[in-house]
Amino acid sequence: MQTRLKELRARDGLNQTELAKLAKVSRQTISLIEREEFVPSLLIAKRIAHIFDETIESIFIFDEEEL
Amino acid sequence: MRMIIWTLVGAVVGFFGMYAALSIDFKAGFSPIGFELNIVLIAITLLLFVFIAVSSTQMKKKAGLTLTGVDEDERDMWQYKKFSDLNLCNTIALIVSIVAIGVSIITDQPAWLLLTSGGILLLSIVFSMLVPGLMKTVYPDRELPSASEKNFAKKLLDASDEGERFVMLQGYYKTFNTMNLSLIIALMLFILYSVGTGDSQLFSIFIVGLILIVTNAQYLLTIRNK
């Protein structure tokens, strides 16, 4: 899975700690998602998508083989 | 064919390894160096106490700063790593101080050394009760359990989010495997020591064996019943 989280954070001027607070998770979780080491649950993905006003699919991009 | 070769190699290495181990003179034991060993263990614990005290102060100071942007993220990363280091030092201090008092009692050290070891152990226990409380300083916004609460570890796990649990799972998995392997090696060493010195370590062998059975059964029953 690839993610546009870092790019979107930069766009909206948010640091990891601020995004973590908005998404009601820890900064560590945001960092793990950004480093593409952890695939978030649907609930967290939905919260993040809502914060950036984007769709889940546009933030979390999966390869064809992964689906 | 490859498996047979590896089995034969293992057998040869095992035979010579065991032969070499049995030829070591275990008889010397720890008694002649009990005093020095006790002093070294106390010194290690004291150094760890200094690290814990200094790091706690640094963490409290940093927590009070108002930061923004990347600096805020870096502070969080620093606090997280420091807190992990503190926990590790605290655990090591507790274990080393238990070993120190054990050495004091078993090798029949002078009363002052026994009392010092006891004091160090007491301090380690106090530190292990205080260190988890630092979490509230690092994460004031989070609803974390207090260290004095019943089922603290379970409540802390419940309070963690999915990313943190993912990291913990990786840690626990590695720990479980290392613990299993280490305890099996410990069993072998106890047997070797018993044979080498003539001092029966059967009590320790039974205890370690029991720990291995209980922990593995607990893990397997937990995943089996889900």
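The model is a predicted one.

**Chain A**

Chain A contains five helices and two strands, arranged from the N terminus as β-α-α-α-α-α-β. The radius of gyration of chain A is 11 Å, close to the 11 Å that the globule rule gives for 67 residues, so chain A is as compact as a globular protein of that length. Along the principal axes, the C-alpha atoms of chain A occupy a box of roughly 35 × 20 × 20 Å.

**Chain B**

Chain B has eight helices and zero strands, and its elements follow the pattern α-α-α-α-α-α-α-α along the sequence.

| Property | Chain | Value |
|---|---|---|
| Residues counted as buried | A | 46% of 67 residues |
| Residues counted as buried | B | 27% of 226 residues |
| Accessible surface | A | about 3,900 Å², 52% from carbon and sulfur atoms |
| Accessible surface | B | about 15,400 Å², 73% from carbon and sulfur atoms |

In chain A, 57% of the contacts with a separation of 6 or more involve residues 24 or more positions apart. In chain B, 62% of the contacts between residues at least 6 apart join residues at least 24 apart.

D161(B) lies in the loop between α6 (152–159) and α7 (162–197) of chain B. Is D161(B) buried or exposed? Its relative accessibility is 11%, and because buried means under 20%, D161(B) counts as buried. Not counting residues up to four places away in sequence, D161(B) touches V25(A), S26(A) and T29(A) of chain A, together with R142(B) of chain B.

Which backbone nitrogen lies 2.5 Å from a polar atom of the side chain of D161(B)? That nitrogen belongs to S26(A). The backbone nitrogen of G163(B) also has a polar atom of the D161(B) side chain 3.0 Å away. Between the C-alpha atoms of D161(B) and I185(B), which are 24 residues apart along the chain, the separation is 36 Å.

**S97(B) within chain B**

S97(B) is placed in helix α3 (residues 69–106) of chain B. With a relative accessibility of 0%, S97(B) counts as buried. Its contacts, leaving aside neighbours within four places in sequence, are T45(B), I120(B), L121(B) and S124(B).

**Positive phi angles in chain A**

K24(A) is a residue other than glycine with a positive phi, near 55°. K24(A) sits in the loop between α2 (16–23) and α3 (27–34) of chain A and, at 65% relative accessibility, counts as exposed. E36(A), likewise not a glycine, has a positive phi of about 60°. E36(A) belongs to the loop between α3 and α4 (42–52) of chain A, and its relative accessibility of 39% makes E36(A) partly exposed.

Technical notes:
Residues numbered from 1 in each chain as written. Chains lettered and ligands numbered in written order. Predicted model: local features only at pLDDT ≥ 70, side-chain atom pairs only at ≥ 80, totals over all residues. Heavy atoms only, no water. Helix = DSSP H or I, 4+ residues; strand = E, 2+ residues; numbered from the N terminus. Rg over C-alpha atoms; globule rule 2.2 N^0.38 Å. Buried < 20%, exposed > 50% of the residue type's maximum accessible area, 1.4 Å probe, protein only. Contact = heavy atoms within 4.5 Å. Areas by Shrake-Rupley, 256 points an atom, 1.4 Å probe, with all protein chains shown as cover. Polar contact = N/O pair within 3.5 Å; in protein donor to acceptor, adjacent residues only side chain to side chain.
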